[in-house]
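Visitor: Hey, can we look at some ring-bearing side chains together? I'd like to go one residue at a time.
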Amino acid sequence: MTDPTSTDRSQTSDQYRKGSISGNGRLAKLRTFSLLGIDAIEVEVEVDVSPGAIPKTILVGLPEAAVRESTHRCERAIVNSGFVRPVDRIVINLAPADLPKQASTFDLPISLGILLGSGQFQSDLVNDYVVVGELALEGRTRPAKGILSMAIAAKKAGFRGIVVPQQNATEASVVEGIDVIAVDSLTQTVGFFSGQLELEPVPCPINQLFENFSNYQLDFSDVRGQEMAKRAVMVAAAGAHNLLMLGPPGSGKTMFAKRIPTVLPRLSPEESIETTRIYSSCGRLEPGQSLLTTRPFRSPHHTISEAGLVGGGSTPMPGEISMAHNGVLFLDELPEFNRRTLEVLRQPLEDSLVTISRAQRSTTFPSDFMMVAALNPCPCGYRNDPRRDCHCSSPQIEKYMGKISGPLLDRIDIHVEVPAAEFKELSSTRAGTSSFEIREGVENARKAQYERFAGFQTNYNAQMSSNQIRQFCPLNQDCIKILKITVNDLGLSARAHDKVLRLSRTIADLEASTEIQTHHLTEAINYRMLDRDVWT
């Protein structure tokens, strides 16, 4: 089919060469976005084409290297698309001037601005739409990072729509209330803005995406035996509590951790978009993946750096804890991590966000994750294993466990032992407790928490403040006596004391009990395993 703009483009080129299009200059303005962390900042692209002694392109507005190089891409894309590169002086300003501009998403708006400024087409639509996209030398559009954040920002700013590369269209279309126009070339973009080519907005596929891709491949029924550990996982998932598993090699700790997302409540559309924009800004979305419909599971290697874990860089980017937002962060072989690296987790575990500060600005990333850690009981891994001998001395064990600080352990709500499974459990043909059964209990407990915390910023029991603990976790006299003895005998800190009460409230919610009973409290106390002297 013949391109409807090809004839007009040819006429424009001839007119420009013959001088029938004025070179006296005009100013073109378009709107686009620049990424700062995971947030999209509105940028105005101003292009002034005016007569000059020699053709020259000047780009101002604090552009980084990728943006400075865009002028060469834009010039060749314009020519190879059949338009004319103005033989004039071109000044391109990216405002605000004090905001560093990165990435290559300015190619498309700059090219459109040059064509508008040189009079090669006119449009009344440029004020209604945001334009984002990278261009190949032949004029084709290429996918860009952070399109979801830009679509959200465009909607908030009140724009009618956003023009994006074809490959990013589905990603942007999950934002309701804004028209997403997909283009595959500079030519098609000019045709749309000039009114010669009608492009329908891409429909919002969010419901279909959840129906097709929200299922997990793993299930807790694969785990044989270990019902006590499954109970601890249910409690942790029900109240969004952090979990630490201690056991010998091969006992199933990693297997448990990988299946924890399957028992958490399904991602809501809002949570899904919030998580996807982090992956989109980092360029971590898989090809063809426009939305995360399952909870993320991140398992960084123990050699990871501080910046890799919490985020950083000269231009701050999210780390693993933000990639695990609304999901699970699994730290396997916890004592093998650098102690200083682990210590940077303290503030994010308390606040559910992390702030990266630099000389000129600071950036905040969400980090509301459930931390799951695993470790062996000693360097060889077979301490207290009835089937294997352990030759580790007490000083070796103390040194091994000393790599994990007390303040960090204080922030982990549940400590559970995962012993090696017995042969009769491994050989059993009977399926274990399934993820569906565990998730059913978790969702019922979460429902009670949503009702309890209506009107508060708190969502889960693990997030309760001290005032909320006093309000929602009253104890009877028997429970008070048990807790007093426990605090004195185990030397619990004030933080550990509060975590026991939060755990008790979650266990009561799993039983649909409005009051905390003694068996709820004693079960919660038993989950503070590492507060006891387990090595003697």
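Visitor: Is tyrosine 460 buried or exposed?
Guide: Tyrosine 460 counts as buried because its relative accessibility is 9%. Buried means under 20% relative accessible area, exposed over 50%, partly exposed in between (1.4 Å probe, protein chains only). This is a predicted model, where local features need pLDDT of at least 70, side-chain atom pairs count only at pLDDT 80 or more, and totals for chains, interfaces and linings use all residues. Residues are numbered from 1 along each chain as its sequence is written, and side-chain values use heavy atoms, with hydrogens and water left out.

Visitor: And what about tyrosine 450?
Guide: Tyrosine 450 has 43% relative accessibility, so it counts as partly exposed.

Visitor: OK, new topic. How many aromatic pairs are there?
Guide: The structure holds 8. Rings of Phe, Tyr and Trp (its six-membered ring) pair if their centres lie within 6.5 Å; planes under 30 degrees apart count as stacked, over 60 as edge-to-face and the rest as tilted.

Visitor: Why is the pair of phenylalanine 220 and phenylalanine 256 tilted?
Guide: Their planes are at 55 degrees, so the pair is tilted, and the ring centres are 5.7 Å apart.

Visitor: Are those two buried or exposed?
Guide: Phenylalanine 220 and phenylalanine 256 are both buried.

Visitor: Which residues form one aromatic cluster?
Guide: That's Tyr129, Phe192 and Phe193.

Visitor: Last one: which ring does the charged end of arginine 388 sit over?
Guide: The ring of tyrosine 382, 4.1 Å from its centre. To count, NZ of Lys or CZ of Arg must be within 6 Å of the ring centre and within 35 degrees of the ring normal.
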